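Trainee: I would like to go through this model with you. Where shall we begin?

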Amino acid sequence: MILRRVLIANRGEIALRVLRTCQRLGIEAVLAASDADLDSVPARLADRVVRLGPPPSSASYLDVDAVLAAAKAADADAVHPGYGFLSENQRLARACAEAGIVFIGPTVEQLAAVGDKLEARRHAVAAGLPVVPGGPLEDAADAARLAAEIGFPLLIKAVGGGGGRGMKQVHHPADLAATVDLAVAEAGAAFGDPRVYLERFVATGRHVEVQLLADGENVVHLGTRDCSVQRRYQKLIEEAPAPALDPTLREEMHRAAVALGKHLEYRGLGTVEFLVDVDRGTFYFLEMNARIQVEHPVTEAITGLDLVAEQLAVAEGRSLSLGQADVSFTGHAVECRVNAEDWARDFRPSPGTVTEAVWPLGDGIRIDTHLQAGASVPPYYDSLLAKLIVHGRDRADALTRLRGALARCAVGGVSTNIPLHQEVLEQAEFTEGGVDTAWFTRFLHNHPAGGSRG
């Protein structure tokens, strides 16, 4: 079917990002906005706005019934959920299908296959992907047996967790049983699912992911992204392609991601996340994200593709317009997430009214943001204000552009982490490329209370 009207069930920069492509393609963009966002830039630029509900996300962006009612009220052909919120929600996908509305994402079955960590791990094994040694737990005795197989230190992970939530490290056998009991209790309370599983703890790991695009039959990869600079498992800086990666290992990761996509007969955009074990020179499957990612612009920069447009084409039932041989990579791209938070105060959120918002312009510079002077940064949502993306002929060129671009950013009225990004770019280990996921913690330890620029 040809999409003529899409309901965007999200906010902030991703709402504006989806809106821009819809309008470029001649598709009417209807924004579903909470009361806190009715005067936002996306609301002002949308072809139409439908009120979703009160500001708290539980009563608006996370309310399946409210989103479906908004789609019906707008007579929308499709719902684009963006990322976060309901982007991987099986109930919304099913409700859309029952209402004859296209859910712009994978099928309900595919969401189920990758939404449960153990189920995703099972599918990865079936597709031939390497997984971190470990497995699910049935009882405490099972934990001791499994721990003896994989060795210490190890991780206990909640099946329903994510983004670093529901994870516990165990370094000594004597601590195992009590930690398992605690993890099970916390998982049940936090996620409504007490299931946990064990995995080997990889001390020196890198977070590298592969972007997939698929139409249910054909699957192509769009290269790697490195997202190893993280704070409490939240990504801060992403780049494409992943730097300092062995070419053979990179190709193996490409093949593994495509194999999983074909195994699932996947449809839409998806990202297969891997943990690169630096010490062992190998990689393991972590999870698959069945949505567009925050960091998708770095892939767009090096491939020249509009991933939202590709999503919309697949949602219309069209076959991929490109094969693997048509995908080429040019240069290097880096993205910084500009958040409303105060680095000098332990990253305390900084809601408020923006008094100044000046963003850099120039070749190879892209800003994805919904922020202007006078805009409100409400306390209800994620602190992401903008994404600064630079594209250079190589990594060194991209980092040079990024330093200049960060220096030209000016945001007033709320605190941002721009000084933090500037400090990271001064670090020799980062500029050399290939830092591991523990590097940022070491950096913070050596740069307490905001460092020299705080």
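Mentor: Begin with Asp436, which counts as buried at 11% relative accessibility. Keep in mind that the model is predicted.

Trainee: Is Arg442 buried, partly exposed or exposed?

Mentor: Buried means under 20% relative accessible area, and exposed means over 50%. Arg442 has a relative accessible area of 37%, so the label is partly exposed.

Trainee: How far apart are the closest N and O atoms of Asp436 and Arg442?

Mentor: Side chains of opposite charge can pair when their charged atoms come close. The cut-off for a salt bridge is 4 Å. Asp436 and Arg442 form one, with their closest N and O atoms apart by 3.4 Å.

Trainee: How many salt bridges does the rule give in total?

Mentor: Some of them share partners. One network joins Arg17, Arg20, Arg24, Glu300, Asp306, Arg366 and Asp368. The count of salt bridges comes to 40.

Trainee: How many residues apart in sequence are Lys387 and Glu13?

Mentor: The two form a salt bridge, with 3.0 Å between the closest N and O atoms. Both Lys387 and Glu13 are buried. Lys387 lies in strand β22 and Glu13 in helix α1, so the pair ties together parts whose separation in sequence is 374 residues.

Trainee: Which strand holds Lys235, the partner of Glu295?

Mentor: The side chains of Glu295 and Lys235 meet in a salt bridge at 2.8 Å, N to O. The pair links distant parts of the chain, 60 residues apart. Both residues are buried. Glu295 sits in the loop between β14 and α10, while Lys235 lies in strand β12.

Trainee: At what angle do the axes of α1 and α11 cross?

Mentor: Helix α1 covers residues 12-24 and helix α11 residues 307-315. Their crossing is right-handed. The axes come within 9 Å, and they cross at roughly 65°.

Trainee: How many residues of that contact between α1 and α11 are nonpolar?

Mentor: On the α1 side, the contact is made by Arg17, Val18, Thr21, Cys22 and Arg24. Leu307, Val308, Ala309 and Leu312 come from α11. One contact residue is polar and two are charged; the nonpolar count is six.

Trainee: Which strands stand at the edges of the open sheet of four strands?

Mentor: The order is β6-β9-β7-β8, with antiparallel pairing. An edge strand has a single partner, so one side is left without a neighbour in the sheet. The strands at the edges are β6 and β8.

Trainee: Which helix packs on that sheet?

Mentor: Neighbouring strands of the sheet are turned by 20° against each other on average, direction ignored. The helix touches β6, β7 and β9, and its direction makes about 110° with that of β7. It spans residues 117-126 and is named α6.

Trainee: Which residue of β9 is the bridge partner of Pro136?

Mentor: β6 and β9 pair in the antiparallel sense over three bridges. In β9, the partner of Pro136 is Tyr197.

Trainee: How many residues of strand β13 are buried?

Mentor: β13 has antiparallel pairings with two strands to consider. Eleven bridges join β10 to β13, and seven join β13 to β14. Strand β13 is mostly covered: of its eleven residues, the buried ones number ten.

Trainee: Which residue takes a positive phi in the hairpin of β13 and β14?

Mentor: Across this pair, Leu275 stands opposite Tyr284. Four residues lie between the strands of the hairpin. The residue with a positive phi, near 65°, is Gly281.

Conventions: Residues numbered from 1 in each chain as written. Predicted model: local features only at pLDDT ≥ 70, side-chain atom pairs only at ≥ 80, totals over all residues. Heavy atoms only, no water. Pairing = 2+ DSSP bridges. Axes fitted to C-alpha atoms, helices over the stretch in contact; angles between N-to-C directions. Contact = heavy atoms within 4.5 Å. Left-handed = near helix turned anticlockwise from the far one by under 90°. Nonpolar A, V, L, I, M, F, W, Y, C, P; charged D, E, K, R; others polar. Buried < 20%, exposed > 50% of the residue type's maximum accessible area, 1.4 Å probe, protein only.
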